[in-house]
Each structure stands twice: as C-alpha cells, then as structure tokens.
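Hi,

Here is the structure I said I would pass on.

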Amino acid sequence: MEEFERKDDLGIAGLHIWQDRRAFCFGVDAVLLSAFAEVKKGESVLDLCAGNGIIPILLAGKTEAGEILGLEINPLGVRLAERSVRENNLRHVRILEGKIQNVLTIFGEKRFDVGTVNPPYIKDGRIQNPNRDKATARHEILCTLSDVLSAAAGSLRFGGRFYMVHRPDRLTEILEEMRRAGLEPKRLRMVHTRADSAASLVLLEGVLGGGAFLRVMPPLILYGADGQYTPDALACYGRSTT
C-alpha cells in the first residue's frame with residue numbers, strides 16, 4: 001500500500017474503496033447522488049467524472065444494474081477505482097480513462113439507460129487548490145457544465161434518465177443548460193446541512209426528450225437539532241435508526 005492510500009469501508013454490501021489523500025476523496029455529495037439516482041434491474045449506467053469510482057461502486061451495492069461504466073480523466077483516480085472494483089469482485093463495473101469530450105468515441109452514442117455525474121462545481125477563474133488533482137475535481141478546468149451535459153445527453157437513449165449533484169448558486173444556469181442539451185428537468189431536491197441553514201447542494205433528475213414538468217421534492221436535512229444524522233440522511237447511507 002502506498003503511503004498516502006487508505007482503504008475505507010463503505011458500510012454497504014461489504015464494499016470498500018481505495019482513496020489517496022493527495023487526490024480528491026469522496027464526500028457526502030457522492031453518497032446522496034447514489035441514493036437519489038433510480039436504477040432499475042438490468043439497466044446500463046454511465047458515471048461521468050467518476051473520480052476513484054465511488055458512485056459506480058455505491059450503485060453496484062444499492063442496485064441491480066446490468067452494467068455500470070465510469071469515465072475519469074485522472075490516471076490516479078482510474079487506478080484506485082480499478083483496484084477497488086477488482087477487490088470487490090464487481091465484474092459488471094468498469095472505470096475507463098478518458099476525456100469527457102471524447103465520451104461518444106469511447107462508449108458510443110445512445111447506449112445507456114441512466115447517467116450520473118458529480119461534476120466540478122466551480123467555474124474556472126476563482127481561487128484554486130494548489131494541488132492539481134484536487135483543483136481539477138473542484139474547478140471547471142478540464143470540462144465545463146456544458147461539456148458534462150452534452151456528454152450525458154449524447155450517451156443516453158431517448159427517455160434515459162440523468163442524475164446530477166451540484167451547488168444551488170448555479171441552479172439557474174444548470175436548468176438552462178440541461179434544457180439546451182435536451183435533458184428536461186424532472187425532479188429537484190435541495191440539501192440542507194440543518195433545517196435552519198441555506199441549501200448547500202441540489203440534486204437533479206433530467207430525462208432525455210422528456211416533457212416539461214418539474215417536481216420539487218421536500219428538502220433533505222442532513223443533521224437534526226441533536227447534531228446526529230436525520231433518518232433521511234441515514235437512509236442515503238443505507239442505514240436506519242432502528
């Protein structure tokens with residue numbers, strides 16, 4: 001094991017993941033997205049900006065997907081993901097290295113039933129982390145929001161479902177760009193750290209070629225007044241209060 005690497009238990013179906021402290025380690029947003037995404041038995045899934053493979057691995061533990069593929073540009077993330085997939089014996093999961101702009105060349109067009117992405121949140125130009133791996137995970141240095149949505153739309157079959165987690169301060173732009181890509185927004189859920197705090201994340205579902213109808217779900221509150229995870233938050237982690 002390398003000095004900076006660690007093996008983390010995911011607490012779901014006996015799965016674990018390898019992470020490197022020098023790179024971007026997954027957070028609550030990936031867990032929430034994996035719980036928000038609806039994947040039916042036998043469906044094919046493509047995860048963009050896959051990082052170390054956290055969302056494909058979580059979906060493998062939570063769903064009966066037929067095939068889960070991931071695309072990641074960082075070789076370190078791909079190496080860690082491949083190790084985790086191999087050790088977890090997830091034969092229907094693969095993480096490939098490549099640019100999001102080349103997704104259709106790598107996977108082909110209109111192949112997937114479901115798309116997921118936890119993309120860089122911050123537009124390039126703001127103060128960046130000096131660590132290049134962490135900076136590219138957080139900032140739109142190697143891909144833009146438009147790149148992400150175009151890649152998702154091109155990869156999905158007509159009627160395919162797309163799931164994304166992002167920051168609320170870019171919500172207007174996100175909805176506009178989703179429609180421009182043909183991914184009609186269908187579900188929206190704001191995530192709040194506490195009931196009295198402003199939203200910190202937004203979960204979105206879009207359907208390729210879907211009709212105009214957006215359902216705004218009740219907010220997801222992560223922590224109760226006692227400082228502990230709420231039942232809704234525990235459910236996202238695959239746990240209960242009983």
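**The cavity**

The largest cavity holds about 30 Å³ of space. A cavity here is a set of points on a 1 Å grid over the protein atoms alone where a 1.4 Å probe fits but cannot get out, with lining residues having an atom within 4 Å of a point; the volume is the space filled by probe spheres set on the points, which are joined across faces, edges and corners.

Before you read on: this is a predicted model, where local features need pLDDT of at least 70 and side-chain atom pairs count only at pLDDT 80 or more, while totals for chains, interfaces and linings use all residues. Residues are numbered from 1 along each chain as its sequence is written, and side-chain values use heavy atoms, with hydrogens and water left out.

Lining the largest cavity are Leu46, Leu48, Phe112, Val114, Gly115, Ala152, Ser155 and Leu156. β6 gives the largest share, 3 residues (strands are DSSP runs of E, at least two residues, and helices runs of H or I, at least four, numbered from the N terminus).

**Two helices**

Helices α1 (residues 28-36) and α2 (residues 54-62) have axes that come within 9 Å and cross at roughly 40° (axes are lines fitted to C-alpha atoms over the stretch in contact, with angles from 0 to 180 degrees between N-to-C directions). The contact (heavy atoms within 4.5 Å) involves Ala30, Val31, Leu33, Ser34 and Ala35 of α1, and Ile54, Ile55, Leu58, Leu59 and Lys62 of α2.

Cheers

How values were computed: 1 Å grid on protein atoms, 1.4 Å probe; cavity = no way out; pocket = protein on both sides within 12 Å on 5 of 7 lines; lining within 4 Å.
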